[in-house]
Amino acid sequence: MSMTMTQRTQTTIDEADIPVWSHRPKVYPKKVKGPIRNLKWLVMAVLLAIYWGVPWFRFDRGPFAPDQAILIDLPGRKAYFLWFEIWPQEVYIVTGLLIAAAIGLFFITAMLGRVWCGYACPQTVWTDLFMMVERWIEGDRAQRMKLDRQPFSVRKLGKRAAKHASWVFIGMMTGGAWILYFNDAPTVVPDLFTGDAGTAVYATVAFLTFTTYLMAGVARENVCTFMCPYARFQSAMFDKDTMVVTYHPARGEKRGKHKAGESWDGRGHCIDCRQCVEVCPTGIDIREGLQMSCISCGLCVDACNSIMDRVGLPHGLIAYDTERNIELKAAGEKPRWNFLRLRTLGYGLVFGLAMLGVLYALVARQPLDASVLADRNPIFVRLSNGDLRNGYTLKLLNKSTQPQHVQVTADLAGGEVIVLGHEEEVQPTIELAPDAVAAIRVFVRLPANDWTGTPRDFDFTIHDTARGLTVAVPTRFEGPAR
Amino acid sequence: MSEKRKYEVDPVTGSAIHPYTWDGIGELETPPPRWWVLTYAVCFLFAVGWWIAFPAWPYISGYTTGLLGYSTRAEVAEELAAAKAAQAPYNNKLAALSYAEIAADPELSTFAMAGGKALFGENCAQCHGSGANGNVGYPNLLDDDWLWGGDYETLQTTIEHGVRSTNDEETRQAMMPAFGKDGILTREQVDDTVAYVLSLSGTVPADPAAAERGAQVFADNCAACHGDAGAGLREMGGPRLDDAIWLYNGDAKSISNQIWNPRHGVMPDWAGRLDPLAIKKLVFYVHSLGGGE
């Protein structure tokens, strides 16, 4: 990749010749065949199948909750993931997952380099998909370059229209699938076509169609090089034992054209065929060494190996290897892979801890929760017989998909609990609707003789005896100073 | 470009170096990417389009309104209308049901209490306090002591017609005579009555003989409204005197003042100011504050 705007040999330039914008060379990645390309096709197929397929899986949660296996219910402020369900206040679980994902990415990167970028990143997967369609319609590298140079014609227009229409279609499918994670899939898909889906749904589909088209069709490698922050700080995770796509200069140099039958003595194995450059989706020359734009996809490895087959030399002039091994090989020593390092062990440990934390939070999650707000205006009421009364608002959270029946008690000696709406009952049973928050007003009445003049801390305890759940929330009983 | 200057080219990056240098340090004239320049231009055009379509430029006493006629006020009005429409089914139900039926429906009672709380803050909090705990001369609505009664129907009557309201013939009327000022009782009799009244709520009188004399004065002059032994008489609006709650304070001096030259609070009649549904919400809210009967 080159950002040069002038020839490097030039020493001066006229002010008027400084361009308004930089001219970046367009990349025309060439088709390549080989085991790494096959692996990339497989990964792409699996990831796209997951993306488009997952919202259709059903999971029975009973009559009061959605039956979609993975669903983020934004209006209901709930997220469902198989057996698990989280509420907005449990978003720390998602935070934990994100931390685990980030550390997991660091771990993989320290170990295997930017394989995420080369294989699994949506930018790579969708760009690959868009390039595949482009190749079907406009042909391979040489034909595309030729088509670009050709003057306007009906044939060119037809190819261009077919390509962009296909891209927009894929974009719509992408945006269309995204909303399935936030809506009941079998309901929202027909609604999309009948015009019954909400504005937010159509806006999301339109926006993601546009961004998919823009990112995978137009911006492509520029996203990785100029927009992605991860590309910028990946070097922090790299060391000499990190696996990278690399050219072996000791073996390859001195490079030069080679005719069949010529001797390989006194020269390198690189025949300067430029296949590694032509297949590169980011348009770099890997022979210049490890560089920021390399997404570690390894297509140049396939390209070079196929050339090595043709000229009868062993594979691996360009290969997944480590900086240490290149040095060892150059010095004629045996290469060694060193996966267990302080860096990888550290990342592995933090990743494991984060995942354990998330798992614990999910498993230990109580389906019943409560919070209490003591009245502050006024903090207490004097009743006609001299008794004191405090008022509280209790928020009872039924975080399960079934109705719950709970009772409220207070461990305040002498205190009597009165639930508004159930004044006549002793220890009334309160029904909590599934997946809902109920706010109840509770009064605690304390005989005048039991008041000592100092505030008394106590707990409200909420029991669901049928399910054996209890939650205690601390609060305080206030009264006048004596 | 008026003059054609020659720029040095940086050998590493290939970018031109701006001729202005500082201590030999120059700045590269690296051009921005094309998409960036184009986005910049599009943003400018977008801004111009925005000025035309939306309210943008102020003048001395107004502003350009824009072709789309957009206004945040109109948007608020729309949202308020939408909120009203969303409340309509609840309000209709509320108007049709009795208080007991509302109380039996958790969703509806939450709605009624929320509405009542807002109305209370707007109309009642000025005298009764934002927490409804009252003040000297303004009844506390949280406790279990009521001048006129704390069940739904009584509360509704009190709110609709007020207390000693001059505009409403059906208003609640209760006037305590100025026993001292108008010469009905002597100073000594008033003092005796104070001693007796204090004893009703459990204070041991300093002078038991005075309290005993006060009992007779009370029976002759006060019991008609305040009930026998100060138990209160709601039909007359006569406050209970044998409990821990006092409207005009419960110390001897305050009670003496109240007997000598009583004060009387006034509550407006709200029937003409608030619609029946608003009053219904207020009744429901006040009833829920802890003293509801």
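Residues are numbered from 1 along each chain as its sequence is written, and chains are lettered from A and ligands numbered from 1 in the order in which they are written. Because the model is predicted, local features need pLDDT of at least 70 and side-chain atom pairs count only at pLDDT 80 or more, while totals for chains, interfaces and linings use all residues.

Domain bounds come from an automatic or database domain assignment. In chain A, domain 1 covers 239–330 and domain 2 covers 368–477. The centres of these two domains of chain A, taken over C-alpha atoms, are separated by 74 Å. In chain B, domain 1 consists of 74–170 + 267–287, and domain 2 consists of 187–260. For domain 1 and domain 2 of chain B, the C-alpha centres lie 33 Å apart. Contact between two residues is defined by C-beta atoms, placed from the backbone, that lie within 7 Å. On this basis, eight residues of domain 1 of chain B are in contact with nine residues of domain 2 of chain B. The side of domain 1 of chain B that touches domain 2 of chain B has four nonpolar, two polar and two charged residues. In this classification Ala, Val, Leu, Ile, Met, Phe, Trp, Tyr, Cys and Pro count as nonpolar, Asp, Glu, Lys and Arg as charged, and the others, Gly among them, as polar.

The contact between the two chains takes 32 residues from chain B and 31 residues from chain A. On the side of chain B that touches chain A, the elements that give two or more residues are strand E1 (6–9) and helix H1 (34–53) of chain B. Helices (H or I, at least four residues) and strands (E, at least two) are DSSP runs, numbered from the N terminus. E1(B) supplies four residues, the largest share of the side of chain B that touches chain A. By class, this side of chain B divides into 13 nonpolar, eight polar and 11 charged residues.

Two packed helices are described by the angle between their axes and the distance between the axes. Axes are lines fitted to C-alpha atoms, for helices over the stretch in contact, and angles run from 0 to 180 degrees between N-to-C directions. In chain A, H6(A) packs with helix H8 (residues 199–219) at an angle of about 130°, and their axes are 7 Å apart. H6(A) is therefore oblique to H8(A). Angles under 35 degrees count as roughly parallel, over 145 as roughly antiparallel, 65 to 115 as roughly perpendicular and the rest as oblique. Residues of H6(A) in this contact include A:Trp167, A:Val168 and A:Ile170, and those of H8(A) include A:Thr204, A:Val205 and A:Phe207. The contact of H6(A) with H8(A) has nine nonpolar, eight polar and no charged residues.

In chain B, helix H4 (residues 106–123) and helix H11 (residues 276–287) pack at an angle of about 100°, with axes 7 Å apart. H4(B) and H11(B) are therefore roughly perpendicular to each other. Among the residues that meet here are B:Ala112, B:Met113 and B:Gly115 in H4(B) and B:Ala278, B:Lys281 and B:Leu282 in H11(B).

A residue is buried if 20 or more other C-beta atoms lie within 10 Å of its own, exposed if 12 or fewer, and partly exposed in between, with C-beta atoms placed from the backbone. A:Lys163 is in helix H6 (residues 154–178) of chain A and counts as partly exposed because it has 18 C-beta neighbours inside 10 Å. Not counting residues up to four places away in sequence, A:Lys163 touches A:Val133, A:Glu134, A:Ile137 and A:Glu138. B:Phe179 is in the loop between helix H6 (152–161) and helix H7 (187–200) of chain B. B:Phe179 has 21 other C-beta atoms within 10 Å and is therefore buried. B:Phe179 and B:Asn221 are 42 residues apart in sequence and 9.0 Å apart in space, C-alpha to C-alpha.

Some backbone features occur in loops of chain A. The peptide bond that joins A:Glu253 and A:Lys254 is cis, with omega about 0°, and A:Lys254 is found in the loop between helix H11 (249–252) and helix H12 (275–279). A:Asp272, in the loop between H11 and H12 of chain A, is not a glycine but has a positive phi of about 55°.
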